[in-house]
Amino acid sequence: VRQVSKHAENLLQLDNGVKIPPSGWKCSKCDLNNNLWLNLTDGMILCGRKFYDGTGGNDHAVHHFKECGYPLAVKLGTITKDGKGDVWSYVEDDMVEDPHLVKHLAHWGINAAVLEKTDKSMIELELDCNQRLGEWSALQESNSELRPLYGPGYTGLINLGNSCYFNSVMQVVFFVQDFVQRYVETAPAIFENAPSKPATDFHVQMAKLGCGLLSGKYSQPPPESSKDKYSKGVSPHMFKNLV
């Protein structure tokens, strides 16, 4: 779940005379005409990050933030008529909600009500990349059908959108025995001495996540009546919101 950006309410928007057309966009620093981000403070249109597979942009939007510090940018082509779109906060380093996106777009002459979604959202792009990676992995298994494994130590983490990096790190962390001893083996004591607001306590959430990953409780074969082929794993919403 995306959080409302702390910059959305009082976002600075410059009166520099820039007006953005409803289509025909191009990066201000290169010739790319896809993966474009509109900085909501100064109206600059710049290309996004380069993806691990070589696609994407040339990082011009990121470089612009480092030079100017303007926090919010929306991905052009993902804006829908109801005023929703992919908004990235460089300061918060995450996808965020901008409840005033329609007003912020109108400042640059963009009427959200007439826009059509023409580009894939970041979640859709991430799913595409994961699918391509999964297809390659399947090829390496010589076309054999992969057999799912269940039980302690075989629990996955649900992707919450741009959280694959986080999921990978936490899987590695709880493979290290020192972390297992600190947060899993001592989990009963951590839970017993939890503060009044455990949702905001790092140690409680670490212990909760570690137990979920290693106990095997969330790594069970789905019922025969279920349409799911694999177990769903752990959904680390509270931990991700905390860190």
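Predicted model: local features only at pLDDT ≥ 70, side-chain atom pairs only at ≥ 80, totals over all residues.
**Figure 1. Helix α5 against helix α7.** Helix α5 spans residues 177-184 and helix α7 spans residues 202-214, and their axes come within 8 Å of each other while crossing at roughly 115 degrees. Because angles from 65 to 115 degrees count as roughly perpendicular, α5 is described as roughly perpendicular to α7. On the α5 side, the residues in contact are Phe179, Val180, Arg182, Tyr183 and Val184, and these meet Phe202, His203, Met206, Ala207, Gly210, Cys211 and Leu214 of α7. Sorted by residue class, the contact of α5 with α7 holds nine nonpolar residues, two polar residues and one charged residue.

**Figure 2. Helix α4 against helix α7.** Here the partner of α7 is helix α4, residues 164-173, and the two axes come within 11 Å and cross at roughly 80 degrees. With that angle, α4 is roughly perpendicular to α7. The contact is formed by Met170, Gln171 and Val173 on α4, together with Met206, Leu209 and Leu213 on α7. Its residues divide into five nonpolar and one polar, with no charged residue. Met206 of α7 takes part in this contact, and Met206 is also listed among the α7 residues that meet α5.

**Figure 3. Lys66 in helix α1.** Lys66 lies in helix α1, which covers residues 60-68. Its relative accessibility is 65%, and Lys66 is therefore counted as exposed, since the cut-off for that class is over 50%. Along the chain, Lys66 and Tyr90 are 24 residues apart, and in the model their C-alpha atoms are separated by 9.0 Å.

Figure 4. When contacts between residues at least 6 apart in sequence are considered, 63% of them join residues at least 24 apart.

Key. Residues numbered from 1 in each chain as written. Heavy atoms only, no water. Contact = heavy atoms within 4.5 Å. Axes fitted to C-alpha atoms, helices over the stretch in contact; angles between N-to-C directions. Helix = DSSP H or I, 4+ residues; strand = E, 2+ residues; numbered from the N terminus. Parallel < 35°, antiparallel > 145°, perpendicular 65-115°, else oblique. Nonpolar A, V, L, I, M, F, W, Y, C, P; charged D, E, K, R; others polar. Buried < 20%, exposed > 50% of the residue type's maximum accessible area, 1.4 Å probe, protein only.
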